[in-house]
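Work through the exercises below with the sequence and the model side by side. Each task is followed by a solution in steps.

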Amino acid sequence: MSYDRGDVVEAGDPFTDANASRPFLVVNTDAHPFHGDQYVAVTLTTKTWYDKTIGLDDADFVEGGVPERSSIVPWGVASPGHEDVTDWFGRIDEDIVDRAVEDLIGYLLE
């Protein structure tokens with residue numbers, strides 16, 4: 001099974017020690033050259049002090065959900081490999097995924 005744009009998965013956290021994991025939102029399309037083997041993803045966080053995160057609630061999931069109230073961190077880019085994914089939480093509405101990608105592009109182009 002490969003993961004698709006909008007899927008929220010758990011994988012190893014490259015921003016902390018090697019034993020930690022966190023949820024990620026897969027943002028690449030299947031046009032990604034290594035789709036199914038590697039993903040472009042942005043992090044989710046339960047922290048609330050960031051001003052520019054994209055808050056999520058249960059209605060934002062078209063399937064599944066996360067165990068804790070979370071927000072998308074569009075500037076927290078990672079590229080987990082398929083073998084690094086340990087769990088699948090659900091899928092987020094495409095409009096929210098598009099917003100996260102647009103925010104990320106804004107950080108890269110401004």
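The exercises concern a predicted model.

**Exercise 1.** Locate glycine 65 and decide whether glycine 65 is buried, partly exposed or exposed.

Solution. Start with the chain: glycine 65 lies in the loop that links strand E5 (61–64) to strand E6 (71–78). Next, take the relative accessibility, which is 23%. Buried requires under 20% and exposed requires over 50%. Glycine 65 is therefore partly exposed.

**Exercise 2.** Which residues does glycine 65 contact, leaving aside neighbours within four places in sequence?

Solution. The contacts of glycine 65 are Phe89 and Gly90.

**Exercise 3.** Is threonine 43 buried or exposed?

Solution. Threonine 43 belongs to strand E3 (residues 41–45). The relative accessible area is 4%, and the limit for buried is under 20%. Threonine 43 is therefore buried. Beyond four places in sequence, its contacts include Phe15, Arg22, Ile72 and Gly76.

**Exercise 4.** Describe the largest nonpolar core and find which element gives the most to this core.

Solution. The core has 17 residues, and those touching the most other members are Val8, Leu25, Leu44, Leu56, Ile72 and Ile92. Two or more residues come from each of E3, strand E7 (85–92) and helix H1 (94–109). H1 gives the most, with five residues. Now follow leucine 56: among its contacts beyond four places in sequence are Leu44, Ile72, Ile92 and Ile96. A second core is separate and has nine residues, including Tyr3, Val26, Tyr39 and Val85.

Terms used
Residues are numbered from 1 along each chain as its sequence is written. This is a predicted model: local features need pLDDT of at least 70, side-chain atom pairs count only at pLDDT 80 or more; totals for chains, interfaces and linings use all residues. Side-chain values use heavy atoms; hydrogens and water are left out. Helices (H or I, at least four residues) and strands (E, at least two) are DSSP runs, numbered from the N terminus. Buried means under 20% relative accessible area, exposed over 50%, partly exposed in between (1.4 Å probe, protein chains only). Contact means heavy atoms within 4.5 Å. A nonpolar core is a set of buried Ala, Val, Leu, Ile, Met, Phe, Trp, Tyr and Cys residues joined through side-chain atoms within 4.5 Å.
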